Amino acid sequence: MCAADIKTLQDRIRQLELENAALKGAGLLHPDKAAVSVPEPFAPIFRKAEQNVRAYFADFKRDPSKGTIEINQERYVLVRASALSKDFLETILHLYSDRGEMEALGIGRNFLYDIAHAIGINDARAFQVRMQLPDPLARLSAGPVHFAYTGWAFVDILAESHPSPDDDYLLVYHHPFSFEADAWVRAGVQTKAPVCIMSAGYSSGWCSESFGIPLTAVEISCRARGDEHCTFIMSPPHKIEGHIKHFAKTHRNHPVRKIKPEIPTFFERKTVEEEMKKARVLAEESSKAKSDFVANMSHELRTPLSAILGYTDLLRKTKLNGMQQEYLNAIHTSGSNLLSTINDIMDLSKLDARKISFESVPVYLPEMLQSIELMLASRVQAKKLRYVTEVDKALHQPLKGDGMRLNQILLNIIGNAVKFTEKGSVTVRAELEEENDERVQVLFRIRDTGIGIPPDKQQAVFERFTQADSAITRQYGGTGLGLAIARELAELQGGSISLTSKANGGAEFQVRLPFLKSEAPAQTHPLQTPTYEGKGQRVLVVEDNLLNRQMTREMLLNNGFKVSVADTGPKAIAWLSRNKADFILMDLQIPGMDGYQTTQHIRRQLHLPTPVIAITAHAFNGEKEKCIDAGMNDYLSKPFRESELLQAIAGSRAPRVTDLAFLREQTRNNTAFITSMVRGFLKQAPKDIRALEKALADNDGDNVYRIAHTMRSSVGFFGLGKHIGDDLLALEKNRKAEPGQLEKIRRMLGTALQELKQLTPSALSSAT
């Protein structure tokens, strides 16, 4: 036998092996056994259906060398059965363990049902086209047979079924060998609920496509749960519950558990998600509208209130008779109460919008509690109460927390204790409750001998707009917001507020809050606000409201400042182009060019380093950060006291950025030479920054390198290297600017040029 004959024989052997494998595959179909069990009236239809399905699956090809399985020229894949049942659901249960077992199972059920229903629809469509089945009953009857041939389950249709293509459609059937139940049974695990989810989804999808009507299937008993059969009822979704109840009544030997059935609807999950998305969008829009309304109302209320309280403070400094002083005190008290209510509403809006943020700064509890005691001293003395503050020695150490929010919480509760106590005492005690290497938990006890709170009213006092008794509101006033806000603020920081009390027996509030230990000393705040004298310094007040403009002007004049005013941004810019100011008070809500835009123009076009203090009636979280980003130095919320205004001015004085120590040392304090260097820098630096801007705009890397290198040398003479030396070096290396880099260099040079311009010969001779 020649080599060619041997090769031919080998090829024939391989061909026969492939054919044999295909025949074995076909043989697995057991053509002598029925693939579905049906009542006798349906038998002829289903026998025909089995012939169609067998013909479809006879064209079977498998080629491992290509990784393909084909049936009737359609690509198929084999998937391990448990992966789509037990394994998948256990993964979902683990993934959503925080939702609870039943909710997690519901998520897995929805997913499996949806995907199986979609597969059933598309398999039915593809099969019907391939096998040319125009008759709806022929299409539907092929489904259970196809179901068996693809390994899902054997279908045993019960006699009460009447699959009509209308609203009366009903199919009742068992799956004796469901792949899903089988996965759990083989693993020896019994489930709490039916698990043949994909079987229900696939079969209802096939039948829906065949008859063109919406159908769903519900498994009412399951072998995986310990039941005798895996039994299903399929019908239009709105009739399924009635069919389940009827089945339970008519099949006493087949008990149906009295549990509300899970009735899946195709892509119900997606529909729910879409509805939730719409609801979320509406809620967000509603929340934004609410926030905008609160912000606008806050502005409209704070602006006139600022004038009322400001002029009240100014009037107090004038000579008044007893009656005038009494009237003025009433105005001031009413204005302060209104401001407190506005602040409470703003806090509620922030809490609802989740825009409350907390700082972590050094806090010294003994000093804070002493400060609160001094704030309440006049009220305590007027009622002749005994006020006691006690702080554990272990808490005489710096801690880290949000001092402002802590003060707000304690002042509210301690203020209430003073308000509702007519005689006796108020005791405030801070105790170290827990401690580890990094944290401490502090318990604040606020005890009073006041009117007390009945046990049945104690939860109500923490609810918004609620007090223990309406008579209390009439007698003592208040909105019923303070304690609700205090508790929410405490809980957001990981703390709590609780209460023990009885009617007419006083009350004790316990505030628990965690703090970090701090190595840095706490920032102490003087009990008396330091004064700041103007000494002829000029302040430009940019404010469109006439009353607030006049009030601010009077406050400043009374403290030795010179004052200029502008009621719009363009007027302020025009004034600054011709005049010099030492400070600028900038209202943010001026019409036209607002305070942000005006400040940016002052910084970028006029290149002025003049301290700018923002003044606004808005008090939303993040407003101060927005002001700082726009180039402002500080932020003052309306209404403000005279002392707060002076404190803001004192705090906004920026330290000098220029330092002539290097030139003094190198020239042995040669004032003439230093003066010449300053004049040269004042002339050249603006040209350099303009050239750098142009080179960056033109992407001229070589020029960027050259200019940055030159500037880095020149700025070093004036002590600017520590401020912008690294930025100029980065420009040299990268030959391009990072975001904000050019703006920083421009701003720093502008400040330096202003400082150097102000140097007189006498100041220059003593400059360091």
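**Entry 1: V77**

I started with V77 and found it in a loop, the one that runs between β4 (74-76) and α3 (86-95). I kept in mind that this is a predicted model. Next I asked myself: is V77 buried or exposed? Its relative accessibility is 67%, and exposed means over 50%, so V77 counts as exposed.

**Entry 2: around V77**

**Entry 3: S141**

Then I jumped to S141, which sits in helix α5, and I noted that this helix covers residues 136-149. S141 has a relative accessibility of 1%. Buried means under 20%, so S141 goes down in my notes as buried. What does S141 touch, if I skip residues up to four places away in sequence? I wrote down I45, F46 and A49.

**Entry 4: the whole protein**

Last, I zoomed out. I looked up the secondary structure and got 26 helices and 20 strands. How many of the residues count as buried? The protein has 768 residues, and 44% of them are in that group; S141 counts as buried too.

I also checked contacts between residues at least 6 apart in sequence: 68% of these join residues at least 24 apart. For the surface, I noted that the protein exposes about 40800 Å². Carbon and sulfur atoms supply 53% of that area.

Methods
Residues numbered from 1 in each chain as written. Predicted model: local features only at pLDDT ≥ 70, side-chain atom pairs only at ≥ 80, totals over all residues. Heavy atoms only, no water. Helix = DSSP H or I, 4+ residues; strand = E, 2+ residues; numbered from the N terminus. Buried < 20%, exposed > 50% of the residue type's maximum accessible area, 1.4 Å probe, protein only. Contact = heavy atoms within 4.5 Å. Areas by Shrake-Rupley, 256 points an atom, 1.4 Å probe, with all protein chains shown as cover.
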